[in-house]
Amino acid sequence: MRITIITVGSTGDVHPYVALGVGLQHAGFQVRIATHAHYEQLIVGRGLEFAPARGDPREAVESDAGQAWLQTGENVLAFVRQMANVMGSMMVGALSDFWEACEDTDAVVYSVLGWLAAHHILEKKRIPGIAAYLQPFTPTASFPPVGMPSMASFGWYNRLLYRVGEQVYWQVFRESVNGARAEALGLPPMLRKAPFSEQRRRRQPVMYGYSPSLLPEPVDWPDFAHTTGYWFLHRSCDWIPPDDLLRFLHDGPAPLYVGFGSMHSRQSSATTALVLDALRMTGQRGIVSTGWGGLSSDRLPDSVFAVESVPHDWLFPRMAAVIHHAGAGTTGAGLRAGIPTISVPHFGDQPFWARRIHRVGVGPRPIPRKRLTAIGLARAIETAVSNSEMRERAAAMGTRVGNEDGVGRAVELVSQYLGKPK
């Protein structure tokens with residue numbers, strides 16, 4: 001059986017699906033991943049088929065529209081509108097690309113943003129699909145939707161927020177989605193009502209690739225919604241750490257990692273100076289990531305080392321704590337390392353995961369990016385490195401997350417819903 005996985009976005013939006021694809025292929029499925037050309041070598045290098053879809057995620061984030069998107073915080077309407085500005089112009093071409101990638105496929109597994117293509121491909125081809133998300137979107141009374149501000153609320157109010165959020169998302173995208181459906185696939189327009197409740201009525205399965213130790217599965221979820229554990233992509237067996245990085249690690253106490261994933265900022269020098277001030281105030285060493293997150297490597301003190309990209313599963317266990325944006329993938333890597341997490345959420349799902357990290361006691365109170373100061377970060381660092389109870393809880397969480405087999409559980413579910421490959 002051939003499965004096509006559709007995913008779009010940053011590294012954290014793609015790596016888990018490569019891990020899932022490797023697991024499915026080991027189980028006997030033929031797996032193709034359809035995503036941006038930026039990830040072709042990663043996918044092919046893991047023995048999977050690759051199908052290109054237009055769009056450069058890094059270019060999109062660094063554009064004026066992308067920068068405006070990153071500034072929306074927890075304003076859900078602004079977030080969705082800016083997301084539509086970033087993605088709307090690419091929708092027809094991307095849908096055509098994904099359709100071509102799925103021409104000979106038997107089933108589709110898709111990410112949250114991949115839904116914008118997968119839903120229509122499944123409709124036209126009449127083949128099964130499985131949602132595979134890194135954030136919870138099935139309505140529940142237990143917590144509000146991802147992207148919505150957290151507030152004390154009744155269960156019925158949380159459920160109402162899911163309905164509101166789905167309608168906001170759909171109404172903002174409906175016009176561009178219907179235009180892409182017509183032009184790329186020759187399908188009629190979809191109605192004003194958001195299609196997500198219809199998917200649930202049809203009991204379309206959904207898998208969630210995060211740890212139940214961080215967010216337990218709600219008791220009011222339907223039996224076709226499953227929390228599997230994280231889908232970790234292990235580093236390549238031929239990866240070797242640079243000698244200068246090893247020397248830095250050996251020359252002093254465990255440093256703190258600082259990186260903001262794909263959260264590119266045009267004020268990278270100012271952000272880096274803020275981070276350096278906080279490290280200096282606390283007397284801590286640091287490793288700063290200069291990748292998409294845009295921290296600068298200029299004029300760093302001897303106590304701080306810059307890296308562009310180092311596998312988290314190798315680096316994080318060697319840290320005293322991690323400071324990051326609380327993206328889904330980086331959150332999982334930090335938890336598995338068994339060390340405290342200092343969350344600096346920017347937008348989207350990040351405030352949700354940052355609150356969960358604090359709520360389960362494995363990190364200080366989150367510092368939203370717009371309110372980040374050197375003094376505030378220094379206080380959070382002091383807590384993370386000196387609070388013995390927090391460090392014990394983080395270590396215990398690391399053991400639980402490390403013992404979960406998220407990919408294995410997801411493969412079992414895919415085999416259950418689609419049948420085992422022959």
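Cys102 is buried, at a relative accessible area of 0%, where buried means under 20%, exposed means over 50%, and partly exposed is anything in between (1.4 Å probe, protein chains only). Cys237, by contrast, is exposed at 82%. The structure holds zero disulfides, a disulfide being a pair of cysteine sulfur atoms within 2.5 Å.

A word on the model before going further. This is a predicted model, in which local features need pLDDT of at least 70 and side-chain atom pairs count only at pLDDT 80 or more, while totals for chains, interfaces and linings use all residues. Residues are numbered from 1 along each chain as its sequence is written, and side-chain values use heavy atoms, with hydrogens and water left out.

**The second largest pocket**

Let's turn to the open space. The second largest pocket has a volume of about 600 Å³. A pocket here is an open set of points on a 1 Å grid over the protein atoms alone, where a 1.4 Å probe fits, with protein on both sides within 12 Å along at least five of seven lines; lining residues have an atom within 4 Å of a point. Grid points are joined across faces, edges and corners, and the volume is the space filled by probe spheres set on the points.

Which residues lie nearest the centre of this pocket? They are His119, Glu123, Glu198, Gln199 and Arg202, out of 20 lining residues. Helix H7 (115-125) and helix H9 (196-201) are the elements that give two or more residues to the lining; helices (H or I, at least four residues) and strands (E, at least two) are DSSP runs numbered from the N terminus. By type, the lining has eight nonpolar, five polar and seven charged residues. In this scheme Ala, Val, Leu, Ile, Met, Phe, Trp, Tyr, Cys and Pro are nonpolar, Asp, Glu, Lys and Arg are charged, and the others, Gly among them, are polar.

| Residue | Phi | Place | Relative accessible area |

**An enclosed helix**

Helix H14 (residues 350-359) is largely enclosed by the rest of the structure, because seven of its ten residues are buried. Those residues are Gln350, Pro351, Phe352, Trp353, Ala354, Arg356 and Ile357. Their cover includes helix H13 (328-337) and strand S12 (341-343), with contact meaning heavy atoms within 4.5 Å. Just after H14 comes Gly361, with a positive phi of about 80°.

Asp97 lies in helix H6 (residues 91-101) and is buried, with a relative accessible area of 13%. Not counting residues up to four places away in sequence, Asp97 touches Pro52, Ala53 and Arg54. Asp97 and Pro52 are 45 residues apart in sequence, yet 7.0 Å apart in space, C-alpha to C-alpha.

Thr271 sits in helix H11 (residues 268-282) and is also buried, at 6%. Its side chain is joined to that of Arg369 by a polar contact of 2.7 Å. Such a contact is a pair of N or O atoms within 3.5 Å; within protein, one must be able to donate a hydrogen and the other to accept it, and residues adjacent in sequence count only if both atoms are side-chain atoms.
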